[in-house]
Amino acid sequence: MPSDTRAAAPSTGEEGAAPRARPATPLADPAAERRRARRSRRYRRDVKWSPYALVAPFFLFFLAFGLFPLLYTGWASLHRVELGTPTDMEWVGLRNFSRLLEDDFFWNALRNTFTIGVISTVPQLLMALGLAHLLHYRLRGSMFFRVAILTPYATSVAAATLVFVLMFSRTDHGMINWGLGLVGVDAVDWQNGDWTAQFAVSAIVIWRWTGYNALIYLAAMQAIPKDLYESAALDGASRWQQFRHVTVPSLRPTILFTCVVSTIGATQLFGEPLLFSQGASPTGGSDHQFQTLGLYLYEQGWFNQHLGRASAIAWTMFLILVLIGLLNWAISRWIRRDA
C-alpha cells in the first residue's frame, strides 16, 4: 500500500495563515555577565568576612590593653624590677609570691578586702532586691524612681567619696556625728577605727551600687511569667509569700550573677578607700585598718617602686578572681541540675 509522502503542514491556528516567527533570544553581554559574577563574589566575601571585621576592633584592643599587660605582668612577677629601671630585670622565680605569704601587710590587706566585701555586698544586694520588688509593682512615677536609684551609679567615685568623707568627719561638723549627737551618742572617729573605717568605706560602695543591682533584679522580675503570680494569688498567697516562693526562686541565676560581680568588684576595690584616707594615702589609714589588695598593690608598685612585687600581687588577685569564677560555674551547674 503506497504511503503518503506529503509533509504535514504546520498548524497555524487559522487555515491559510502564515506561521508566526519566534522572537529572537538576545545574546548575553559578556561584560554584564562578568560584572554580575564579580558582584556575586563580593557579596559572598562580604557575608563571610564582615562579622570578623566588625568584631576585630574589640580583639585588637583586648590584645593591646588586656592580654599583653596580663602576660607582661606575669613575666614581671618572676623578676626583681624597679619602677625607675623597668628594663633591668633580675630573675627571682617565685620569690615575689613566697614573700607575699610571709608579709603581714598582705594578709592584713586580704582580710580587709574580705571584710569590706562582705559588709558592702550583703546589705547592698538585699536592699537592691527589696527596691526591685517595690518597683516591680505599679507605682506612680515609677520611671522617675528607676532613674533616681541609678543616679549614684552615674556619680564619679571621687565626688561620692569626698562627700562621704565630709559626712563621716570625726568632728561635730560631720553629718553622721551630728545625727549621733542628737540621740546622745558621742562622736565617732570613723577614719581611725578598724571596724568604723571599714563600715564607712562599705557605705560608699553600698550607696553607689545598690541602684544598679536593683535595676538588674527588676529586669529579671519582669521576665517572670505572670501566670505564676496569678496561680499563687488564687491559692491565697500574700505578696510576701509570692516574693518568697515565686520571685526569689526564679531569680536564683540573677542573684548568683550579682553576687559574683559584686565579689569581683570588692576584690578590686581601690578608689573608695584611697580617697577616704587623709591625703589619699595608699596605706589605708594610720594603721592600715582599711587597706585593700588594690591599695597594697598601689603602695608596692608606685610608692615603694617594687614593680615585680606589685605584679605578684596583681596575679594573686587574678587567681582569686579565677577561683571565684570556678565557684560560680560549680554553683550554676548545681542550680541547673536542681531545677
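1. Glu-90 is partly exposed at 44% relative accessibility. The class runs between two cut-offs: buried means under 20% relative accessible area and exposed over 50%, with a 1.4 Å probe and protein chains only. The partner of Glu-90 is Arg-80, and the closest N and O atoms of this salt bridge are 3.0 Å apart. A salt bridge here needs a side-chain nitrogen of Lys or Arg within 4 Å of a carboxyl oxygen of Asp or Glu. Arg-80 is also partly exposed, at 41%. Arg-80 sits in strand E1 (residues 79-80) and Glu-90 in strand E2 (residues 90-91), so the bridge ties together parts ten residues apart in sequence. Helices (H or I, at least four residues) and strands (E, at least two) are DSSP runs, numbered from the N terminus.

2. A word on the basis. This is a predicted model, in which local features need pLDDT of at least 70 and side-chain atom pairs count only at pLDDT 80 or more, while totals for chains, interfaces and linings use all residues. Residues are numbered from 1 along each chain as its sequence is written, and side-chain values use heavy atoms, leaving out hydrogens and water.

3. The structure holds two salt bridges. Besides the pair in point 1, Glu-272 and Arg-208 meet through their side chains at 3.5 Å, N to O. Glu-272 belongs to helix H11 (residues 271-276) and Arg-208 to helix H7, 64 residues apart, so distant parts of the chain are linked. Glu-272 is buried, with a relative accessible area of 5%. Arg-208 is buried too, at 8%.

4. The core has 17 residues. Those with the most contacts inside it are Leu-129, Ala-132, Tyr-217, Met-221, Ile-224, Val-246 and Leu-251. By definition, a nonpolar core is a set of buried Ala, Val, Leu, Ile, Met, Phe, Trp, Tyr and Cys residues joined through side-chain atoms within 4.5 Å.

5. Take Val-246 from that list. Val-246 touches Ile-224, Leu-228, Tyr-229, Ala-232 and Gln-241, leaving aside residues up to four places away in sequence. Contact means heavy atoms within 4.5 Å. Apart from this core lies another, of 13 residues, including Phe-168, Trp-190, Val-205 and Phe-276.

6. Phe-168 and Trp-190 are edge-to-face, at 5.0 Å centre to centre and 75° between the planes. Rings of Phe, Tyr and Trp (its six-membered ring) pair if their centres lie within 6.5 Å; planes under 30 degrees apart count as stacked, over 60 as edge-to-face and the rest as tilted. Phe-168 lies in the loop between helix H5 (157-167) and helix H6 (175-182), and Trp-190 in the loop between H6 and H7, so the pair ties together parts 22 residues apart in sequence. Phe-168 is buried at 5% relative accessible area, and Trp-190 is buried at 9%. Ring pairs link Phe-164, Phe-168, Trp-190, Phe-199 and Trp-207 into a cluster.

7. How many aromatic pairs are there in the structure? There are 22. One of them joins Phe-106 and Tyr-296: the ring centres are 6.4 Å apart and the planes stand at 50°, so the pair is tilted. Phe-106 lies in helix H3 and Tyr-296 in helix H12 (residues 293-303), so the pair ties together parts 190 residues apart in sequence. Both residues, Phe-106 and Tyr-296, are buried.

8. Val-55 lies in helix H1 (residues 30-76). Val-55 is partly exposed, at 40%.

9. Two backbone angles deserve a look. Phi of His-288 is near 55°, a positive value in a residue other than glycine. His-288 lies in the loop between H11 and H12 and is buried at 14%. Gln-305 also has a positive phi, near 65°. Gln-305 is in the loop between H12 and helix H13 (307-338), and is partly exposed at 37%. Most residues other than glycine have a negative phi.
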